[in-house]
Protein chains: 2
Amino acid sequence: MSQGTDDTITISLDAMGGDNAPLSEVAGAVETVRDTKGINVTLTGISEKIEKELKKYSFDSSRIKVHHASEVIEMHESPAEAIRKKPDSSIISGLKLQKTGEAQAFISAGNTGAVMAASLFTLGRIANVSRPTIGSRFPTERGITIVFDVGANVDCKPVNLLEFAVMGSVFAEHIYSIKNPTVGLLSVGEEKSKGDLLTTQAYELLEKSGLNFIGNVEGRDILNGSTHVIICDGFTGNIVLKFAEGVLGLLKTKFTDYANRGLISKLKVGMAYGTLKTIMKDFDYQEYGGVPLLGVNGVSIIGHGRSSPLAVKNMILRAEQMVRAKINETIASRIKDIKEFTA
Amino acid sequence: MSQGTDDTITISLDAMGGDNAPLSEVAGAVETVRDTKGINVTLTGISEKIEKELKKYSFDSSRIKVHHASEVIEMHESPAEAIRKKPDSSIISGLKLQKTGEAQAFISAGNTGAVMAASLFTLGRIANVSRPTIGSRFPTERGITIVFDVGANVDCKPVNLLEFAVMGSVFAEHIYSIKNPTVGLLSVGEEKSKGDLLTTQAYELLEKSGLNFIGNVEGRDILNGSTHVIICDGFTGNIVLKFAEGVLGLLKTKFTDYANRGLISKLKVGMAYGTLKTIMKDFDYQEYGGVPLLGVNGVSIIGHGRSSPLAVKNMILRAEQMVRAKINETIASRIKDIKEFTA
């Protein structure tokens, strides 16, 4: 390896994952090794297709490897079934490189459910974590807000929410350098008594957790930046996440409709749209580098199916950060402490 | 009464409800009687304050009455306690006018929880309805989408969701003249198997309901206008509703930040903001006339605390529509049919 130091880490990248695979994946890998030091990439998938794409670029060939996997899990396959039927898929094969020590992290823009299930199956869980979680960063008026869980766990128990809070705090601390991040519980009112059965019980646990718990927050607080980490069950979180995606579609349609009213409207929209686009950069998932699956015994990051080369590169950088920060070690020790008092 | 016909209806309006009460309420009532026929308004609350405000206007005094109620339930009082401690509040007193036949509908921009609880307590439920529901219309790319429940019921059983679907369908049919409205179940994936325990069980009921059920819809579908009625538990619905409110705040902040970058940015934002404002009119709750509480044995509409005179007027018109369309009669007969097959 050209970096040659002990410090170099290897990221296993599912080259068959996204809607533009392997184009975005290969381009993202090449850009990363060009622009950074200390990161090697192993592209996992059908080697013929990957090699063909790689030929378009010149790069330090010691830093990008191809790891052949003969099967591909498609976007709409049932996760459980796909994992069983396709043991040599790029997802499972790519994850296994963490078991053999050939890679320290895995990234995929493929079938989200399959990546979650395969990660859990291949990497296992961190001790004392009952359910891994995926979180998503939201754009806010000021600062950072990350919501956990956004879809890994639709039916939750109070203790799951407590664990999400611990993992989310560690993530905010290590990845965004926020000291003692604030944690809010997503509910329907600020008062402790407001909420459903799940949240009112989770409140009790969070209050005693030693986390920087600020109590209940409401839907509007996700976007005002008042809280670093917001906790909810994965059903609610997933619906909010997809609703937020829908907002951009709605704005686009409304602007187009308005532009079609006449020339002046068209000119105004032209002006407004450029401004809006600049402002909307904050909403761009490609900037954020995918959503991490926290709680598995390794590093696994899931990207949007439409991930561009930039998004892939940002996921690789995020994976590197997670490996170097050793966030799993901190999660393991904090979860252990929490378990002791909730036992 | 000047209208003098059998056809005139009387709306009982909580004059102490909103943040601008009684200003907005009185102005909205006066505007309504000026612009319409066949609607009288009874302003309920502290008569001295209401009379003082009414003196500012000239109007047909036979069409606006004042009904004195000595107590006011404040915005942040606990609903259950407030109702018990303040039996002569404008909310309870105003609702009671439907029991005596002095009014056919009630409207309040006051404490939402108190209005819901007092409505249920005073009016009772339509036969076979286990839980009344509140719905909210969302702006969409095309057409009408109304989401039920948005906060009346945080913990739901599958049969509650079925009832919301029936009531929501009747509302869309009678108020928005949509024939056989489509009904979607809010979930985390389109497939029948996707969802939490509640939604997967509710799916089974909805499938057999005889409603125009189109299956699961996702968060993004709330805004694309693909479904007339979307059903969810009140915890999820409330969080989505408040998140949507937060979107406007976020856009405003981002535009202001961008404007502060310099003169050109400021000019661009000036242009963009006007356009955005026009487009955003669709997001304006004041246009929609409040959210109806469906399933109570009467008409009760809850407005936003910040309701303007226009919002109050639109609530009055919505209440009139609900009374004239006799939507409770249709709900009663449809719910009865549904109960027979789910029994």
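**Figure 1. Sequence separation of contacts and overall dimensions of chain A.** Of the contacts in chain A between residues at least 6 apart in sequence, 73% join residues at least 24 apart, two residues being in contact if their C-beta atoms, placed from the backbone, lie within 7 Å. The model is predicted, so local features need pLDDT of at least 70 and side-chain atom pairs count only at pLDDT 80 or more, while totals for chains, interfaces and linings use all residues. Residues are numbered from 1 along each chain as its sequence is written, and chains are lettered from A and ligands numbered from 1 in the order in which they are written. Buried residues (20 or more other C-beta atoms within 10 Å of their own, with C-beta atoms placed from the backbone) make up 55% of the 343 residues in chain A. The C-alpha atoms of chain A fill a box of roughly 65 × 60 × 40 Å along the principal axes.

**Figure 2. The open sheet of chain A.** Chain A holds 13 helices and 11 strands, which are DSSP runs numbered from the N terminus (helices H or I, at least four residues; strands E, at least two). The 11 strands form an open sheet with mixed pairing, in the order 3-2-1-4-11-10-5-6-9-7-8, where two strands pair if DSSP finds at least two bridges between them. Strand 3 (64-68) and strand 8 (212-217) of chain A are the edge strands, each pairing on one side only, and the twist averages 25 degrees from one strand to the next.

**Figure 3. Strands 5 and 6 of chain A, and helix 2 on the sheet.** Strand 5 (residues 133-138) and strand 6 (residues 145-148) of chain A run antiparallel and are joined by 4 bridges, with G135(A) standing opposite F148(A) in strand 6. Helix 2 (residues 47-54) of chain A packs on the sheet, touching strand 2 (39-45) and strand 3 of chain A, and its direction makes about 160 degrees with that of strand 3; axes are lines fitted to C-alpha atoms, for helices over the stretch in contact, and angles run from 0 to 180 degrees between N-to-C directions.

**Figure 4. The interface between chain B and chain A.** In the interface, 43 residues of chain B are in contact with 43 residues of chain A. Helix 9 (234-259) of chain B is among the elements that give two or more residues to this side of chain B, and helix 9 gives the most, with 17 residues. Because 100% of the interface residues of chain B are also interface residues in chain A, the copies meet through the same surface.

Definitions and conventions: A residue is buried if 20 or more other C-beta atoms lie within 10 Å of its own, exposed if 12 or fewer, and partly exposed in between; C-beta atoms are placed from the backbone.
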